[in-house]
Amino acid sequence: MLRYILRRLVGATITLVIVLSIVFVLLRQMPIEGYFENYDKLSPAVINARLESLGLNDPIAVQLKDFFASLLRGDLGTSARYRVGAPIGSIIAQKAPVSILLGLLSMALAMTLGIPLGAAMARSKGKFWDKFGTLFIVIINAVPSAVYYILIQMYATDLLKIPMLFERGNPVTWILPVFSMSLGNTAYYAMWLRRYMLDEMNKDYVKLARAKGVSTRKITMRHVFRNAFVPMIQYLPTSILYTVGGSIYIESLYSVPGMGGLLVDVIGRQDNPMVQAIVMLYCVIGVVGLLLGDLLMGVVDPRIKFAKKEGAR
Amino acid sequence: MGDVILSVKDLNLKFDLRGRVLHAIRGVSLDLYKGESLAIVGESGSGKSVFTKCFMGLNDLNGHIDSGEILYDGKDLAKITQEKDWLPIRGGEIAMVMQDPMTSLNPLKTIGAQIEEAILLHQKIDRHGAHAQMLSVLKDVGIDEPERRARQYPHEFSGGMRQRVVIAIAVACRPKILICDEPTTALDVTIQAQILSLIKELRDRLGLTCVYITHDLGVVANVADRIAVMYAGDIVEIGLCEEIFYDPRHPYTWALLSSLPQLGVRGQPLFSIKGTPPNLYTEIRGDAFAPRNPYALEIDFVERPPYFDVSPTHKARTWLLDPRAPKIDPPVNIRAIRAKGSANP
């Protein structure tokens, strides 16, 4: 088990290095005007001095080496433009909690809505709940999320008589961002749970359970649901990434002072160190999510073993 | 023969399939005697599985009993429509061993838990008692070290061992009738005999009445007291094991026995029954086997034959047994078996 985790962590580190290298190199291809507020009015000497001080005149390989070296020291660097000179670590520490909380809330909401919906769809295949759920899933998947995010913001705020923008201290304003963010995952969970439950319902062990005298209700709860959940777990990492993706847009929509809005902001301002740091963070979330999904699968399914086989059979 | 434990009277089962009606069981009557072991044989689609599922209400929802009775313990099982009325019967009174042990167990539950689940459902007993009973059942079906094995998951068992577990689940609640739906089809030949003798042993010890569903006549010869031959949703011939093997009367039974490959015979083409079973979507006129039957009489195409008694225990649904029917000799190989049968009865 421990060896497995270690092996996965090494793999995750390699993934991180590759992703960061790509991001780093791509950001360096951007026009240098973005580094200056009044590029046109500056003399070439001043510009050059500035680039020199940012280390942008070195060959790209050297820049990359310097970047990783400082990263190893735990130094994320300082913000170049967003809040000039401020250490990135502290900026993120300030912004991250709101995002994490919103993300977790939305995932919890997606589970509490999506899982019962998926189960209800599987149980009433071809009937009302199944059709209702299918309609919902199709809409969520077919309509670009930006469209319904905006529609929700426009109409729901009116309907519920709540402020349009997010306020940290006002719980009512949390509802819509969390709800909007959960929609994609709700549909996602419902769709896959329905599919896997229907798969499981046709398996022989369900027939045997029926022949044992277990009621349909109990079969669904005790046998089918748990078996359907094993393949569901592989979607956990993806849904974490969905949440992160959704948060980027939703946070700017509701002007939530979190990481998502921050990323959009710093990309616009070409604050390269900030972009790198945030992308790295998201990458870590994704990789950890994948690892978590795999480990969780091992917990739920006894057939999956990470350690070497024990004992004699 | 002993008391009748389950009596089926003129059972008709129909399936609704997208607006079309499939007449799967066409007026079958059968008495099952306490303690006997009956084998139902027939080719795929003859309705043998569907027929026994009627006893437990296990047919799919689009199947319904159109008419007929299934009398068991003073109740007519054919009248049950609510799932909750079936639950005490399933596993408690009538239990089933399924065909494929590799997929019949829930992969995420320990086998101990799966057996206990059945015990807790049918017996007023606490967890402790269920656990003890589970261990003793495991021992009964020949699983060593039950304490350790009970904590293991199905994937840690071989196919034969899993079938033992499936049997343990079936007999855990001391049912009266055990339906074995092709219990050895998915197993290695070497394991088959073990499983069959286990079922036999349990039947003797627990006083079970067994119904085997199979198309393997070798299995039948091993385990059955009586044989019912099914064709197109009907029992065409039923009799004691020896009667069916050594003195078959229905042309379909002849054909079935002729299809059995003979070990040690070379150079002979294998026999197969010409044609395909009838389409059960359309109402069948006369004898269902007539179109494939080289011995068919004219009346076979017009009127369904009744049962003719061959002996008190043996009857067949064929016009050939009618006194007015022309005398027809069965095929050579059947005559040969018959001769063998009378030589060493």
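This is a predicted model: local features need pLDDT of at least 70, side-chain atom pairs count only at pLDDT 80 or more; totals for chains, interfaces and linings use all residues.

Biologist: What holds the strands of a sheet together?

Modeller: Strands pair through backbone hydrogen bonds, in a parallel or an antiparallel sense. In chain B, 8 strands make an open sheet with mixed pairing, and their order is S6-S7-S8-S3-S9-S10-S12-S11.

Biologist: Which strands stand at the edges of this sheet?

Modeller: The edges are taken by S6 (94-97) and S11 (308-311) of chain B. Each has a single partner strand, so one side of each lacks a neighbour in the sheet. From one strand to the next, the twist averages 20°.

Biologist: In which sense do S7 and S8 of chain B pair?

Modeller: S7 (residues 177-181) and S8 (residues 209-214) of chain B pair in the parallel sense, over 5 bridges. As an example, B:Asp181 has B:Ile213 in S8(B) as its bridge partner.

Biologist: Which strands does helix H10 of chain B lie across?

Modeller: Helix H10 (residues 251-258) lies across S9 (226-231) and S10 (234-240) of chain B, and runs at about 100° to S9(B).

Biologist: How many residues does each chain bring to the contact between chain A and chain B?

Modeller: Chain B gives 26 residues and chain A gives 18 residues. On the side of chain B, the elements that supply two or more residues are S6, helix H3 (111-122) and helix H6 (159-171). H3(B) provides the largest share, 4 residues.

Terms used. Residues are numbered from 1 along each chain as its sequence is written. Chains are lettered from A and ligands numbered from 1 in the order in which they are written. Two strands pair if DSSP finds at least two bridges between them. Axes are lines fitted to C-alpha atoms, for helices over the stretch in contact, and angles run from 0 to 180 degrees between N-to-C directions. Two residues are in contact if their C-beta atoms, placed from the backbone, lie within 7 Å.
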